[in-house]
Amino acid sequence: MYKLIKSIFPNSLSNGVIRLSDGACIPFDPANTDYANFKKEINAETVELQDAEGNTMTAAEAKAYVATLP
Amino acid sequence: MPLTKVSSGVIAANAVVDSFGTQSITSDKIGLGAITGNTLAPNIINANNIVNASITGAKIAANTITGDDLGQNSVSANNIATNAIENYTALTNRPLSNRNIVINGAMTVVQRNANTTSITTTGYYSPDRFNIELSSAGTWTMNVDSVGVNRAGPNEFGNSCNLIVTTANTNLGTGGYVIFSQLVEGLNLQQVKKGTANAESLTVSFWAKSSNTGTFICELYDNDNSRQCSQSYTISTAGTWEKKVITFPADTTGRFDNDNALSLYLTFWLASGTTFTSGTLNTTWASVTNANRAVGQLNLANRAGNYIAITGVQMETGTVATPFEMRSIGTEFQLCQRYYIDASYPNTGATIGFSGNVTNGNPYFVNFTYPVRMRAAPTLTWTSWADALFPAGSPTFQFTGVVGSNLYKSANATGVSGYFLGGYTASAEL
């Protein structure tokens, strides 16, 4: 399970996710292997993604969101 | 009238110049053994008297020239012909430092656990930069030992990485395997010139000690081009340190990407199912065929207590294994921190935090930089030390880059002495 990092700056988008199993913050850097694994898991629909407010996205919403990431 | 025979002592040494005209005695007039070292007075033969090619290597007996006989500057680089000295040309154009592509080959940097037990899944556990990858191949312990090496092995190394079977798997089936690897990024491999006409060979050297004698496989796997090459080596005597040297041929196909992503696996196979052993060992570079990758690899996982210890791992361009490049601990540590930093509490002490007047509900930021620039923006985890007027638990890392990050926590009370303190780990492993 992942959760988008909440940005507290106005007009600033989330730039990472929290891996809820261990609290690790994973930045959206294509060279980060945890980020690559996050995208793979979302696209395989093996994990869920929460938005920054804690609401669980549907699999389709999560995949659509991931498709917008670098 | 020509002379046909001169009796011993008839011609004195100091009479030769006056008695014979220039070039009156040529080399074909001097019988084999007629002139010995004992009959030549000092300084009779100097460089001007020796015509080109008159002395060949075959004419120089063993031990004829010793170090004491060579004058200062008598041999310079210009006098050493190509291939004149064994290995000289093999080392030409090789760097005198930073030859070793492997980081932490002496197992000196251990930021994670010195001893990790119950390993059944892939990961980085003990010495920096080395991981273990396994599937359906028992349970393992991975640790760094600083005793056995000094006591019985390659004495230049203070540490070794030991991989020990704690739960056996006697039947690996098809897909079971265990490999011990270092993953190398493309930016550290451009000198290999792989995929060009000038591609270099790669020589891997290391020390190993195992409970089991037999055949092991070492593999290079090109992740950019899905190509691989395997070589076998033999552990000859159980429980004894042995140095192994393996040369992989050059590959003129498939360049390593010039970026910070994974390009090459240096892999030591420890056990392998038939998926990787059912073909013919591929000892030249080729597209990946799994069946040809680990043919002949013994199953080290087949008995609890089996082990292999490895240290002194070096991979360098060329066909010669030079002595292990022992880098200082400070340098090696920084090389490792490009991929992983342990700045956690209590392992390294609380390193970052905030204190001051706080208002309930407001966020408070801390910016921090890593000790080195990392390979990629890292995955960050927090280890708490203490909180006051802030909730327990992790702060949020808001903006994370390759040189530093920014974290915040929101106060859950109002007061003049709020604080949160802790440390972090940062992982940008391949």
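Which residues point one way from strand E14 (residues 340–343) of chain B, and which the other way? B:Tyr340 and B:Asp342 take one side, B:Ile341 and B:Ala343 take the other, and all are buried. Here, buried means under 20% relative accessible area, exposed means over 50%, and partly exposed is in between (1.4 Å probe, protein chains only).

Keep in mind that this is a predicted model: local features need pLDDT of at least 70, side-chain atom pairs count only at pLDDT 80 or more, and totals for chains, interfaces and linings use all residues. Residues are numbered from 1 along each chain as its sequence is written, chains are lettered from A and ligands numbered from 1 in the order in which they are written, and side-chain values use heavy atoms, with hydrogens and water left out.

**Strands and their partners**

- Helices (H or I, at least four residues) and strands (E, at least two) are DSSP runs, numbered from the N terminus.
- Two strands pair if DSSP finds at least two bridges between them.
- E14(B) runs antiparallel to strand E20 (residues 415–427) of chain B, with four bridges joining them, and B:Ala343 has B:Tyr424 as its bridge partner in E20(B).
- Strand E6 (residues 177–185) of chain B is largely enclosed by the rest of the structure, because nine of its nine residues are buried.
- In a regular strand the side chains alternate between the two faces of the sheet.
- You can see that in E6(B): B:Tyr177, B:Ile179, B:Ser181, B:Leu183 and B:Glu185 point one way, while B:Val178, B:Phe180, B:Gln182 and B:Val184 point the other way.
- E6(B) pairs with strand E3 (residues 130–135) of chain B in the antiparallel sense over six bridges, and it pairs with strand E11 (residues 262–272) of chain B, also antiparallel, over nine bridges.
- B:Gln182 is a handy residue to look for: B:Phe130 stands opposite B:Gln182, and in E11(B) its bridge partner is B:Leu266.

**Aromatic rings**

- Rings of Phe, Tyr and Trp (its six-membered ring) pair if their centres lie within 6.5 Å; planes under 30 degrees apart count as stacked, over 60 as edge-to-face and the rest as tilted.
- Over all chains, the structure holds 26 aromatic pairs.
- One of them is the tilted pair of B:Phe180 and B:Phe268, at 6.3 Å centre to centre with 35 degrees between the planes.
- B:Phe180 sits in strand E6 of chain B and B:Phe268 in strand E11 of chain B, so this pair ties together parts that are 88 residues apart in sequence.
- Both B:Phe180 and B:Phe268 are buried.
- B:Tyr370 and B:Tyr424 make another tilted pair, 6.4 Å centre to centre and 50 degrees between the planes.
- B:Tyr370 is in the loop between strand E16 (363–369) and strand E17 (379–388) of chain B, and B:Tyr424 is in strand E20 of chain B, 54 residues apart.
- B:Tyr370 counts as buried at 6% relative accessibility, and B:Tyr424 does at 3%.
- B:Phe130, B:Phe180, B:Phe206, B:Phe216, B:Tyr233 and B:Phe268 form one aromatic cluster.

**Salt bridges**

- A salt bridge is a side-chain nitrogen of Lys or Arg within 4 Å of a carboxyl oxygen of Asp or Glu.
- By this rule there are 17 salt bridges over all chains.
- B:Glu429 and B:Arg112 meet in one of them (2.8 Å, N to O).
- That pair links distant parts of the chain: B:Glu429 is in the segment after E20 of chain B, and B:Arg112 is in the loop between helix H2 (88–91) and strand E1 (115–119) of chain B, 317 residues apart.
- B:Glu429 is buried at 4% relative accessibility, and B:Arg112 is buried too, with a relative accessible area of 16%.
- B:Asp387 forms a salt bridge with B:Lys409, the closest N and O atoms being 2.7 Å apart.
- B:Asp387 is partly exposed at 25% relative accessible area, whereas B:Lys409 is buried at 4%.

**Where the chains meet**

- Contact means heavy atoms within 4.5 Å, and here 19 residues from chain B and 18 residues from chain A take part.
- Between chain B and chain A, the count of salt bridges is zero.
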